[in-house]
Structures are given as structure tokens and as C-alpha cells.
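Here's a quick walk through one model, starting with the ligand and moving out to a few spots along the chain. Have a look at it first.

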Amino acid sequence: MPEKIQFEETVMGFLLNHQERHHRTHHFLILMDALISAAKHIEHYYLTGTLKGNVGLSGSVNVHGEDVMQMDQIAQEITIHYLRASGRVIHAISEESDKIIPINPDGRYFVYFDPLDGSSNVPHSLPVGFMFGVAKKDLDDREDNHLRAGKEYIAAGMFVIPTGTFTLALKDAGTWRFHIDETMEFVRPTQMMIPENPKSWELSFNSANRYTYSERVQTWIEQNETKYAFRYIGALAADFHRTISNGGMFMYPAIVNHPDPRRNRPQGKLRLMYEAAVVSFICQEAGGSAVDETGIPVLDIQPKDPHQRSALYVGSKPLVDSITQVLMLAKPVVR
Ligand code: AFP
């Protein structure tokens, strides 16, 4: 399809342009090419999924105890295929794999990804995300393969599938969005800065959970929700896409007051390494910020487990600062 070739050329052309200025090497470009190819390939399967019967359950359960959709498995296999072929990845961490996936000990990068985020949207052909964070090995021979905190990422990105919109953040080089235009033949990179004017701001959270949040967070919501529009589609990439464009705050708070205490999630629901840290990195490069339930920057959290969860408050700085004050007064959550 011509738009695919155009898409890849535009993103790669952009990166080549930035290569000199931001010391990106050809290794990084090869890795990005692999990630873009994986995303476009997954999008193809997603668009044709209904025809091919790929939208149902696979019959297995993932590391988080969730039912795995056939599309989750397809997306996982596609991504690993491209990461292997790139030859540049030491290991990968994926939502769909219990263990760290060793790829090439002579590689240069660590890739943390969720190949199909927002699976509950799959049966409806509604938006899902392909999300990734990239960290680089220590080239001074001190590499210990430790799990990277978000502040160590050198890039993070998300595709909203099936719109094909790609948002990419490069360390100290901003957040960029690549659009397919009205002719479906071109994409144009636009630098994203989260809007400062509260007029367009939106709040995004699962309102069905609101009475399960801490009292302080519930009070903050009551005091602030009527000031802003509310939007929620249930796929982080799609919801956060709006947050970055319009400003405001996406949040997935800790669940601490569930009527069935077994369903509390004091650590939050989202996965730190391939969900929360990815959008936090993108947001920081776009001028925003992100904190967890204790009010500390998400990018500072040192992961102890590849699939560790985190609460997330991400978006416009004034709103994140405002909720941070509330969170910091609360009793600390045991990690
Ligand atoms: P799934 O991939 O299991 O559908 O989870 C999606 C997700 O991690 C994230 O994309 C959403 O923001 C969030 O969960 C939605 O969670 P709720 O369904 O609890 O609102």
C-alpha cells in the first residue's frame, strides 16, 4: 500500500534529520524501523481481523491473569519477529510474556512493549494501542541488564491502531506526532506541546471506579470535574492521545475502597514499564508531567519486577501538581 511506504519514509526521514543533532546512530534507526514495521503489520491484522476471525479469545490467560485475545498473540509474535530481525535488541519485556525475552546478547537496546493495549476494544474494532519504551545499554562495559526506570528511556512511542497515528518522544528532543493526511498518502510530523490554556482540558478516568479511589482523590474529583470535559474510551493510547492534544489529565488511581477488598489494587492497574512510564515519558517531552499514587514522578520509579504496576496521574502540569499535593498528604501505599 503506497501510504505505508510513505509513512515509513516520513518517520525514518524525520529521524535521520534528528540523527546528527541528537546523536542517534544508525542502530537506533534500525530499531525504529523494526518497531514501525511491527506496528503497521499489527494494524493490518487488526483492520482485517473481523474478516479472518482474529478478534476472539485465544483460550489462554496472560501473566496478569487476563484472558488473551487472538489479536494479542498475533501482535506479540509480529513484534518479536521484527525485534529479532533488527539484531539490535538485547532483551524485550512484553505484557504478553511472563519472562524477560532474551533476543541478542550483542544487541544495543532494551525494548519494553505492550503489543496490543486496550484489548476490550478489539471485538468492537475500536482503538487499541501499540506502546513501547526503549533504553540503551551502558556502552562503557558496565552493563548489568537492570530494569530501566522511565528516566533512563531514550525514546517512547505509541501507535493508535487502526487510525495509524503515531506519537514518538525522543529524549531531550520533544514529542512528535505523525498523521496520515486526508489523501491517505502522506504523514506530517507535528511537534506536540500539551496546551497551557485550560479551555480545552479534559479529565479521563474510569468513572465506574470513582468510589473505590482514596477519599482524598474522590474529593479532588468532586472539586474539579465540572471544570473540564470528560472523555474515556478504555485504551490508554487512545485516551492519552487526547490528553496530549487537548491538555488535562488522564488518571488511573489506586483502588483502595472496593466493596470486595480482594478487588482492591493499591498498586494501581497499569503496568509501569510498558504503559505508565511510556506515556509519562511522552508527556514530559511534551511539557507535561506524571506522578504515581504517592505523588512521586513515574519516571523516577525504579522497577523491581518487569510487570510491576503503578497508579498514574499524567497530563498538564498544573493539574498533576494539584493532585500531587493531595496525594502527598495521604498515607503512603506499601509498594
Ligand atoms: P487491557 O489491555 O487489559 O484491555 O487493559 C487496557 C488498560 O491497561 C489501558 O489501556 C486502559 O487505560 C485501562 O487498562 C482500562 O482499564 P479499565 O477497563 O479498568 O478502565
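Where does the ligand sit? The ligand is in the largest pocket. A pocket here is an open set of points on a 1 Å grid over the protein atoms alone, where a 1.4 Å probe fits, with protein on both sides within 12 Å along at least five of seven lines. Sitting in one takes more than half of the molecule's atoms within 2 Å of its grid points.

Before going further: this is a predicted model, where local features need pLDDT of at least 70 and side-chain atom pairs count only at pLDDT 80 or more, while totals for chains, interfaces and linings use all residues. Residues are numbered from 1 along each chain as its sequence is written, and side-chain values use heavy atoms, with hydrogens and water left out.

**Around the ligand**

The ligand has 16 residues around it, and the closest are D117, N206, Y232, L236 and Y252; to be near, a residue needs a heavy atom within 4 Å. By type, the shell splits into 6 nonpolar, 5 polar and 5 charged residues. In that scheme Ala, Val, Leu, Ile, Met, Phe, Trp, Tyr, Cys and Pro are nonpolar, Asp, Glu, Lys and Arg are charged, and the others, Gly among them, are polar. Two strands, β13 (248–252) and β14 (270–271), each give at least two residues to the shell. Strands are DSSP runs (E, at least two residues), numbered from the N terminus.

Which residues have polar atoms at these distances from an oxygen atom of the ligand? Polar contacts are pairs of N or O atoms within 3.5 Å; within protein, one must be able to donate a hydrogen and the other to accept it, and residues adjacent in sequence count only if both atoms are side-chain atoms.

| Residue | Atom in the residue | Distance to a ligand oxygen atom |
|---|---|---|
| S119 | backbone N or O | 3.0 Å |
| K269 | side-chain N or O | 2.9 Å |
| E275 | polar side-chain atom | 2.9 Å |

Taken alone, the ligand exposes 490 Å², and the protein buries 85% of that. Areas like these come from the Shrake-Rupley method with a 1.4 Å probe; for residues, only the protein chains shown count as cover.

D117, one of the closest residues to the ligand, belongs to strand β5 (residues 109–117). D117 counts as buried because its relative accessibility is 6%; buried means under 20% relative accessible area, exposed over 50%, and partly exposed in between. Its C-alpha lies 4.8 Å from that of G129, 12 residues away in sequence.

E202 is in strand β11 (residues 202–204) and is also buried, at 8% relative accessibility. Its side chain makes a polar contact of 2.9 Å with the side chain of N246.

What kind of peptide bond joins I161 and P162? It's a cis bond, with omega about 10 degrees, and P162 is in the loop between β7 (153–161) and β8 (165–170).

S125 isn't a glycine, yet has a positive phi of about 55 degrees. It's in the loop between β5 and β6 (128–136), and its relative accessibility of 40% makes it partly exposed. N145, another residue other than glycine, has a positive phi near 55 degrees. This one is in the loop between β6 and β7 and is partly exposed, at 37%.

Terms used: On a 1 Å grid over the protein atoms alone, a cavity is a set of points where a 1.4 Å probe fits but cannot get out, and a pocket is an open set with protein on both sides within 12 Å along at least five of seven lines; lining residues have an atom within 4 Å of a point. Helices (H or I, at least four residues) and strands (E, at least two) are DSSP runs, numbered from the N terminus. Buried means under 20% relative accessible area, exposed over 50%, partly exposed in between (1.4 Å probe, protein chains only).
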